[in-house]
Amino acid sequence: MTTILYIEDDAGSQVLVQRVLAHAGYDVVLASNALEGIDRARKNPPDLILTDINLPDLSGREITVRLRADHRLTQIPIVALTAVTQDEEREKAFVAGVTGYITKPIDVDTLPDRIQEYLQGRKDKADTGTLAEASRAYHQELVERLEANVRDLEASYRELRRIDQIKDDFIQLTAHELRTPLTTVYGYTRLVQTSPVIQAIMQQDSDVNTCLTGLITAIDRLHSVVNEIITVSRIASGRVDLKPGPTSIREVIEIAVTAYTPVMQQRSLTLTYNSPQWPPQFFADMGLLELAFSNILSNAIKYTPDNGTITISSQIEDKEVHVSIKDTGIGIDPAEQPYIFDRFYTAGDTQLHSTSKTAFRGGGLGLGLAICRGIIEAHGGRIWVESECCDEEKMPGSTFHIVIPLQIELSKPTPPDG
Ligand code: ADP
């Protein structure tokens with residue numbers, strides 16, 4: 001059956017033309033905007049394309065230019081629907097490469113015959129006298145539309161940045177507001193924990209003991225969650241406040257490793273140190289470096305299946321400390337590598353992701369590496385990844401490299417997505 005792709009945004013015309021052509025024995029495929037039409041034509045090239053000239057996203061001329069660039073569609077008749085009064089529009093359509101045109105309002109009695117003529121090879125002639133002028137007008141129109149689109153995109157981008165900023169501020173404000181009363185509650189729980197009178201009551205009464213222990217544990221957790229939100233939202237939005245002090249990278253890594261040792265044992269993951277050459281103490285923010293290394297290690301655990309190996313190497317190169325964390329996990333597709341340090345970017349099949357920080361393919365929000373980059377760059381350092389590919393059968397593994405100067409100049413970090 002002969003297939004006609006009809007690109008039209010007006011619902012009334014869609015119904016009318018489809019009925020008339022279907023009645024004449026054609027199979028009519030509808031597309032209600034230009035991009036949908038282009039996609040349909042590329043996926044299943046029809047025998048003829050009938051397109052309205054004025055569509056909201058791209059014009060019928062732009063559709064024609066786009067489709068003619070596809071070698072399978074160079075010979076397909078493309079017929080433009082134009083208003084009777086649009087002489088200039090029609091000439092521009094010829095410049096773009098249409099085969100012919102049918103004027104609107106459509107004459108339903110003659111439409112099937114006209115379509116048949118185009119299918120049999122009819123080609124309408126442009127008025128060559130005005131073609132050069134039409135060509136100029138057409139190119140002018142393209143540039144104007146391009147300019148308008150770029151301006152729109154710029155405006156949307158600015159608006160998105162503004163909304164993103166509002167969201168960041170809101171998160172931070174909320175977390176700060178929560179922290180103030182929480183600090184008081186947290187202080188009282190500390191008092192409760194240390195008060196001999198309360199301790200004596202807790203020992204005597206197991207119900208009181210259960211209640212207070214539960215309360216203290218929950219408040220401890222809430223306190224650290226709120227603090228984590230404040231730190232994470234500041235770092236992820238590029239605002240890192242370094243509190244530098246004497247720092248030992250060896251200690252930083254040992255603290256991160258100790259926190260994950262039980263889970264590594266549970267998942268039968270082996271941790272090895274590859275002849276590490278630990279640097280002397282240097283001036284850095286030890287707490288934030290712990291957070292960075294802990295995120296990388298957590299990822300190495302998350303993306304490596306049970307029985308894998310994680311290798312940590314460290315050496316001093318040119319007044320810089322270079323630490324690498326290598327795993328035997330699923331690896332990262334090179335096409336995704338430039339983006340994994342962006343905020344909220346998660347590579348691979350995100351549907352498989354749960355929120356566990358340590359289960360295989362546990363996944364997360366895509367903030368961990370943005371935080372790492374924020375911290376490392378605030379120290380004047382660099383972070384990058386090497387991985388051959390992502391393959392859950394071969395397990396090519398990934399190696400994350402972190403380089404930090406031993407003489408840190410406290411510079412401004414790059415904004416996370418910039
Ligand atoms: P998430 O919280 O989702 O793990 P991250 O910012 O830490 O977010 O990491 C971003 C993405 O990078 C992850 O979704 C994951 O696909 C990929 N990734 C990070 N580390 C590894 C790794 N060691 N092995 C394989 N993929 C990784």
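## A parallel sheet

Let's start with a pair of strands: β3 (residues 48-52) and β4 (residues 78-83) run parallel and are joined by 4 bridges. Within that pairing, Thr51 has Ala80 of β4 as its bridge partner. Strands here are DSSP runs of E with at least two residues, helices are runs of H or I with at least four, and both are numbered from the N terminus. Two strands count as paired if DSSP finds at least two bridges between them. This is a predicted model, where local features need pLDDT of at least 70 and side-chain atom pairs pLDDT 80 or more, while totals for chains, interfaces and linings use all residues. Numbering runs from 1 along each chain as its sequence is written, and side-chain values use heavy atoms, with hydrogens and water left out.

Zooming out, 5 strands make an open sheet with parallel pairing, in the order β2-β1-β3-β4-β5. β2 (27-31) and β5 sit at the edges with a single partner strand each, so one side of each has no neighbour in the sheet. On average, neighbouring strands are turned by 25° against each other, direction ignored.

## Helices on the sheet

Helix α1 (residues 11-23) packs on the sheet and touches β1 (3-7), β2, β3 and β5; its direction makes about 165° with that of β2. Helix α4 (residues 87-96) packs there too, touching β4 and β5, and its direction makes about 155° with that of β5. Contact here means heavy atoms within 4.5 Å. The axes are lines fitted to C-alpha atoms, for helices over the stretch in contact, with angles from 0 to 180 degrees between N-to-C directions.

Asn307, in the loop between α10 (286-302) and β9 (309-317), has a positive phi near 75° without being a glycine. Asp318, between β9 and β10 (320-327), also isn't glycine and has a positive phi near 50°. Asn307 is exposed at 60% relative accessibility, and Asp318 is exposed at 74%. The cut-offs are under 20% relative accessible area for buried, over 50% for exposed and partly exposed in between, using a 1.4 Å probe and protein chains only.

## Cysteines

How many disulfides does a search of the whole structure find? It turns up 0, counting a disulfide as a pair of cysteine sulfur atoms within 2.5 Å. For Cys390, the nearest cysteine sulfur is that of Cys389, 7.3 Å away. Cys390 is partly exposed at 41% relative accessibility, while Cys211 is exposed at 56%.
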